[in-house]
Amino acid sequence: MTNLDEIFNSAYKSKVFRRREVLLPDYIPEILPHRDKEIKKVALTLAPSLRGERPSNIFIYGLTGTGKTAVVKYVLRKLKENATGKGVNIGYIYVNVRHRETPYRILADIAEHFNIRVPFTGLSIGEVYNRIIRKISNIETVFIITLDEVDFLVKKYGDDLLYNLTRINEQLSRSKVSLIGITNSLKLIESLDPRVKSSLNEEELVFPPYDAKQLQDILYPRAMDAFVENALDEDIVPLCSALAARDHGDARRALDLLRIAGEIAEREERDRVVKDDVMKARIEIERDRVSDIIKTLPLHGKLVMLSILITTGYGKDYATTGEIYDKYKKIVSTLGFEEITLRRVSGIIGELDMLGIISGRIISRGRYGKTRVINLGGDANTIIEALREDPIMDEILDEEAKWK
DNA sequence: CCTCCACAGGAAGCGCAGGAGT
DNA sequence: ACTCCTGCGCTTCCTGTGGAGG
């Protein structure tokens, strides 16, 4: 073996991980602990497709990381395997609505599964819809379309698309389509058109959150698979489970913590993951999340974020929408930009609140009006760091520092 | 008890960019 | 070249509201 081989080999061979991919969010294990009941229910509902019949539509509720997506994907995979064995045609399509959050993109995504090429924009929604129908109408297949996180779609664009999809069968001659809707919010179904509601809710399934013990049952087998023997301190898995259990029993969060903790240990070329790595992982996850959001903010979004940062005294204090808007106007006028309206700034603040970058609550000060009181939810430095990636923000922050 | 502040947040719509079809 | 489509950031106009002060 030459020197180079040795280098590559030792770089390739991690001291911590054996199969890191087992911890990635889209990995579906062979066994899903504490979800037997749910798997059975989904399987029973979808089973008629093996006889070429259209299965009932299913609606699934549950908070993030409760195994909704995993269960659905798992059952669909098994179903498909079973179908090919029996010579039945079943097609399944999985679309995550959060990543494709407009009706057009969702349809475009579905279309792409059928090998219909659709442009990023330019076609009418109806046209994409028609192309899909034209393409699949005559194929003798049961299609199961899964829409993950539909709440995002309904909240922003209403239920038109859902309504059309539930009625798609009327326009198909030989193929059949059934839908699986997955949502985080229990309130969603109430806001739906009654027609959509009854048709989509043929079967309904609620996924309860995991508790710390159940999270451990999920983590242990995966940790065994993912890590080299003895790479984990004993208290690592319980710690990740406990932290995630506090976070409404989110299994994905628990797996992320475990994986990132491992990556930190690996980066530092240690062969053992310790408690402190988990704590660091927690900070790192938060930093990445904040930085991703701030980076993709439009210019005025960043300026508003900056104004919040300054008016709240870098997180030590509270500020109202009005105070933030005043500060924003000052910043904008020194830069010579055109300012956006209060309405829009209020909207941006609302969005930042929803994203959890800041935390605000609406209060009434009686005579002195009703407003939103805001402070930074998390760490100011994380936000400053993310903002400084934009040269304009960087300059303003330097300027601001001089005044102090 | 009523008023009226300082906004929240819904609805409609505008102008532009990116792209399709004709 | 021209029309038509959507997404995005934004504006305009709007109605709604908890409670301190009169």
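The buried residues of helix α16 are Ala 380, Thr 382, Ile 383, Ile 384, Ala 386 and Leu 387, where buried means under 20% relative accessible area, exposed means over 50% and partly exposed lies in between, computed with a 1.4 Å probe on protein chains only. The helix spans residues 380-387 and is mostly covered, six of its eight residues being buried; helices (H or I, at least four residues) and strands (E, at least two) are DSSP runs numbered from the N terminus. Among the elements that cover these buried residues are α12 (275-295), α13 (299-311), β8 (370-376) and α17 (391-403), a contact being heavy atoms within 4.5 Å.

This is a predicted model, in which local features need pLDDT of at least 70 and side-chain atom pairs count only at pLDDT 80 or more, while totals for chains, interfaces and linings use all residues. Residues are numbered from 1 along each chain as its sequence is written, chains are lettered from A and ligands numbered from 1 in the order in which they are written, and side-chain values use heavy atoms, with hydrogens and water left out.

The domain assignment divides chain A into domain 1 (36-207), domain 2 (210-292) and domain 3 (297-403), with bounds that come from an automatic or database domain assignment. Between domain 1 and domain 3, the C-alpha centres lie 40 Å apart.

Strand β8 also belongs to an open sheet of three strands, which has the order β6-β8-β7 and antiparallel pairing; two strands pair if DSSP finds at least two bridges between them. At the edges stand β6 (319-320) and β7 (358-364), each with a single partner strand, so one side of each is left without a neighbour in the sheet. The pairing of β6 with β8 is antiparallel and runs over two bridges, and Ala 319 has Ile 374 in β8 as its bridge partner.

## Salt bridges

The count of salt bridges comes to 29, on the rule that a side-chain nitrogen of Lys or Arg lies within 4 Å of a carboxyl oxygen of Asp or Glu. In one of them, Glu 263 pairs with Arg 20, and the closest N and O atoms are 2.3 Å apart. This pair links distant parts of the chain, since Glu 263 is in helix α11 (residues 251-267) and Arg 20 is in the loop between α1 (3-12) and α2 (36-46), 243 residues apart. Glu 263 is buried, with a relative accessible area of 16%, whereas Arg 20 is partly exposed at 32%.

Arg 167 and Glu 170 meet through their side chains in another salt bridge, at 3.6 Å from N to O; Arg 167 counts as partly exposed at 33% relative accessibility, and Glu 170 counts as exposed at 60%. A further salt bridge, at 4.0 Å from N to O, joins the side chains of Asp 235 and Lys 275. Here too the pair links distant parts of the chain, with Asp 235 in the loop between α9 (212-226) and α10 (236-246) and Lys 275 in helix α12, 40 residues apart. Both count as partly exposed, Asp 235 at 32% relative accessibility and Lys 275 at 45%. Salt bridges that share partners also join Glu 268, Arg 270, Asp 276, Asp 277 and Lys 280 into one network.

## Aromatic rings

Three aromatic pairs are found in a search of the whole structure, where rings of Phe, Tyr and Trp (its six-membered ring) pair if their centres lie within 6.5 Å, and planes under 30 degrees apart count as stacked, over 60 as edge-to-face and the rest as tilted. Phe 17 and Phe 227 form a stacked pair, at 5.0 Å centre to centre and with 25° between the planes. The pair links distant parts of the chain, Phe 17 being in the loop between α1 and α2 and Phe 227 in the loop between α9 and α10, 210 residues apart. Phe 17 is buried at a relative accessible area of 7%, and Phe 227 is buried at 3%.

The charged end of Lys 73 sits over the ring of Tyr 94, 4.3 Å from its centre, the criterion being that NZ of Lys or CZ of Arg is within 6 Å of the ring centre and within 35 degrees of the ring normal.

## The setting of Tyr 328

Tyr 328 lies in helix α14 (residues 321-335) and counts as buried at 0% relative accessibility. Not counting residues up to four places away in sequence, Tyr 328 touches His 300, Leu 303, Val 304, Ser 307, Glu 338, Glu 339, Ile 340 and Val 345. Tyr 328 and Val 22 are 306 residues apart in sequence and 46 Å apart in space, C-alpha to C-alpha.
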